[in-house]
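Let's take a walk through this protein together, a few residues at a time. Have the sequence and the 3D view ready.

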Amino acid sequence: MCGIVAYIGDKPALPVLIQGLRRLEYRGYDSAGVALLNGDSIERVRSVGKIDFLTDKVKTRPPAGTLGIAHTRWATHGGVTEENAHPHVALDGKLAVVHNGIIENYRELKEQLAGVNFVSQTDTEVLAHLIGRHYHGDLRSAVQQALAHVRGTYGLVVMHADHPDQLVAARLGSPLVIGIGEGEHYLASDATPILPYTKKVVFLEDGEVADVSRAALETFNLKDETVAKHVEEIDWDQTQAEKQGYPHFMLKEIFDQPTVFQDAVRGRYDLTEGTGRLGGINLTEEEMRRINRVVFIACGTASYAAMIGKYAFERLVGIPAEVDVASEFRYRDPVVDDRTLVFAISQSGETADTLAAVREAKRKGAFVRGIVNVVGSTIARETDGGTYIHAGPELAVASTKAYTNMVAIMLLYALQFGRLRRVSIATGQRLLSALREIPEKMKAILAQSDEIRSMAEEYIRHRDMLFLGRGINYPVALEGSLKLKEISYIHAEAYPGGEMKHGPIALLSPDFPVMAIMTRNQLYDKMRSNIEEVRARGARVILIATVGDDRAREISDRIVYVPETMELLEPLLNTIPLQLFAYHAAVALGKDVDRPRNLAKSVTVE
Ligand code: M6R
C-alpha cells in the first residue's frame with residue numbers, strides 16, 4: 001500500500017523524509033517522491049523504482065527546507081511513471097498533496113474541474129486541483145470543502161507555499177498518525193517513520209482533519225468543529241510497527257480483509273440496477289451476451305478463488321464455466337474460441353504458468369481479461385482489460401486478503417453478466433445488499449481469533465487432517481487445506497463431502513481429524529450426513545456452522561460459528577476461520593509463518 005511521510009519543524013526535512021520512506025519500504029511501492037518548501041516555492045523530486053533512485057536524484061542538489069511531504073506509491077490509477085508519482089501539485093506548483101486511498105468519483109470531479117491541464121492519470125492529481133479550486137487563502141478550509149465533494153478513501157497531507165508553518169492532514173479509511181516532538185511534528189501513514197523521533201502520537205480517526213504547525217496540533221471534523229484528541233504513548237519497536245502491532249504479516253493481512261474488501265467493491269456496483277459495474281471488462285453489452293463459455297486460469301489459492309467464480313457464473317449467468325490450473329491449461333491444447341471469455345486470476349500478476357496460459361488463450365482467439373492485484377504487472381499488461389482487486393500489497397507468502405478480493409470481483413462480474421441474461425433486478429439488489437454486509441460479518445469472525453487459536457493448539461499434535469465441503473464450500477475446503485499445509489506443514493487434503501465414501505473415508509480414525517464446513521445452505525442436510533459418517537469412524541470433527549445452528553454442536557468436537565449470508569457469498573466468510581486456524585497452528589508449531597520453507601511469493605519460473 002502507498003506510504004506517507006511529512007515533517008514540519010526546524011531540522012532539515014529531507015533526511016527525515018527519506019529515512020521515513022525507507023522505513024515504509026516494507027509496504028511495497030513502485031515509485032517515490034518528495035516536496036519541500038524551499039524559501040517561497042515548493043521543490044519537488046520524484047522517481048520511478050527504488051528510493052535509492054530518488055536519493056540519487058537529490059544527491060547533487062538536495063532540496064532545502066524544514067517542511068515537506070513525501071510518498072511511496074503503489075499504483076492504483078495509472079501506470080508506474082514519474083508523472084503519476086506523488087506529490088501531486090496544483091495552483092502552478094504552489095500546493096502539493098500526498099494521498100493514500102482511492103478517490104472513487106475522480107472521473108466526475110475531473111469533468112467538473114474544467115480548464116485544468118492534468119498531467120497524470122491519477123485520482124490524487126484531481127484531488128490536488130479540487131483543493132486548489134477551494135483555496136482562497138485558508139488552507140484548512142480548502143481541504144475541508146474539497147473533501148466534502150469526495151467519495152472514496154483517503155489519508156492525505158497538503159502543503160502550500162504561502163503557508164510556511166502549516167501542514168493539513170485528513171483521514172477517511174486510510175490511516176494517518178501524527179508524532180509530537182519538541183517544536184516539531186511528524187506525520188505518516190503508520191508509526192514506523194515516526195518511532196526514531198518520538199513515541200508520543202495522535203491517531204487521526206475517519207472524518208478528521210489535522211491542522212499542524214511547528215508548535216501546535218489542532219484537530220477538526222469536516223464541518224470545522226474542534227475535535228479533542230488523546231495523545232498516546234506507543235512502545236512498539238520497528239518490526240512491530242511495520243506489522244501495525246500484529247506479530248506476523250499474515251495475521252495483519254487476515255485482519256485487513258474487512259477494509260480491503262470494501263476497497264475492492266467500492267464504486268463497482270449499481271444498487272439501483274442490481275448489477276456489477278466493472279468497466280475494465282472492455283466488452284460491449286452485445287459482446288458480453290455473445291460469450292457462451294467462461295474459463296478461469298490460475299494457480300494455487302487463485303485457482304480456488306476461481307472455482308467460486310465458476311459456481312457464480314453457472315448460477316447467475318447460466319453458461320458453462322470451468323477452472324483450469326494454468327500449468328495444465330498451457331500444455332493441454334485447450335479448446336477456446338472467440339465466444340470464450342478467459343479470466344486470468346493472479347495476486348502477483350507475474351506467475352509464470354498463468355502468464356503462459358494467458359498467451360496461449362490469446363493465441364487461440366479468446367477474450368482474455370485479468371483479475372490481478374499488482375498494478376502494472378505483466379499479466380495486467382498482457383490481458384486486454386480486467387480489474388484490479390485492490391487488496392494492497394500482500395507480503396506473507398500465504399495468500400489471504402487477495403483471495404477474498406478475487407472472489408468479490410468474480411461475484412461482481414458474474415452479476416454484471418447475469419443481469420444481461422437471467423438475473424432479475426430484485427435478485428441483483430439482494431445479492432449486493434448482502435455483499436455490503438460482508439465486512440461487518442467478517443469482523444464478527446475475526447473476533448473469534450483467540451478461540452480458534454485454542455482449537456489449533458489442540459489439533460497440532462495430529463500429522464494429517466481432512467477438509468470437507470460441498471458445493472460452493474468445496475473450494476473453501478481446498479483453500480483451508482492449502483493454507484494449513486503450506487505454513488504449518490501438517491498434511492492436509494480436501495474432498496467434496498459426497499466423494500469421501502469413494503476412498504478417503506479409509507483414512508479416518510481418532511488420529512485423523514476432519515474440518516468440515518456445514519453452513520446452512522441447500523446442501524446442509526447432505527453435509528450433515530457426511531459428518532455423521534465421519535463420526536461413525538471415530539474421527540474428531542471441527543465444524544464451521546451458521547450462527548444459531550445449535551444442533552451442529554451435537555455432532556462436533558469444536559465449532560466456529562459464522563454469520564449467515566447468501567449462499568454464493570459464503571466463501572467470503574467461511575474461509576476466514578480456516579485462515580486463522582492455519583495461522584495459529586503454524587505459530588504454535590514454531591514455523592516461519594510469513595516465509596514458509598520452499599515457497600516463494602511470486603512464482604515466476606515454471
Ligand atoms: O500471484 P498468484 O496469485 O498468481 O500466485 C498463485 C499461487 O502461487 C499462490 O496463490 C500460492 O498458492 C500461495 N502461496 C497460496 O497461499
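In UniProt, the unreviewed entry puts the annotation "active site" on Cys2 and Lys601. From this set, Cys2 is part of the lining of the largest cavity. A cavity is a set of points on a 1 Å grid over the protein atoms alone where a 1.4 Å probe fits but cannot get out, and lining residues have an atom within 4 Å of a point. UniProt positions are given in the numbering used here, feature names are shortened, and annotations may be inferred rather than shown by experiment.

Before we go on: this is a predicted model, where local features need pLDDT of at least 70, side-chain atom pairs count only at pLDDT 80 or more, and totals for chains, interfaces and linings use all residues. Residues are numbered from 1 along each chain as its sequence is written, and side-chain values use heavy atoms, with hydrogens and water left out.

Start with Cys2, in the segment before β1 (3-8); strands are DSSP runs (E, at least two residues) and helices are too (H or I, at least four), numbered from the N terminus. Cys2 counts as buried because its relative accessible area is 9% (buried is under 20%, exposed over 50%, partly exposed in between, with a 1.4 Å probe and protein chains only). Not counting residues up to four places away in sequence, Cys2 touches several residues, including His71, Trp74 and Asn100; contact means heavy atoms within 4.5 Å.

Now hop to Lys601, in the segment after α20 (570-588). With a relative accessible area of 26%, Lys601 is partly exposed.

Finally, find Ser174 in the loop between β8 (167-172) and β9 (177-180). Ser174 is buried, at 9% relative accessible area. Setting aside residues up to four places away in sequence, Ser174 touches Asn100, Gly101, Tyr154 and Gly155.

Conventions: 1 Å grid on protein atoms, 1.4 Å probe; cavity = no way out; pocket = protein on both sides within 12 Å on 5 of 7 lines; lining within 4 Å.
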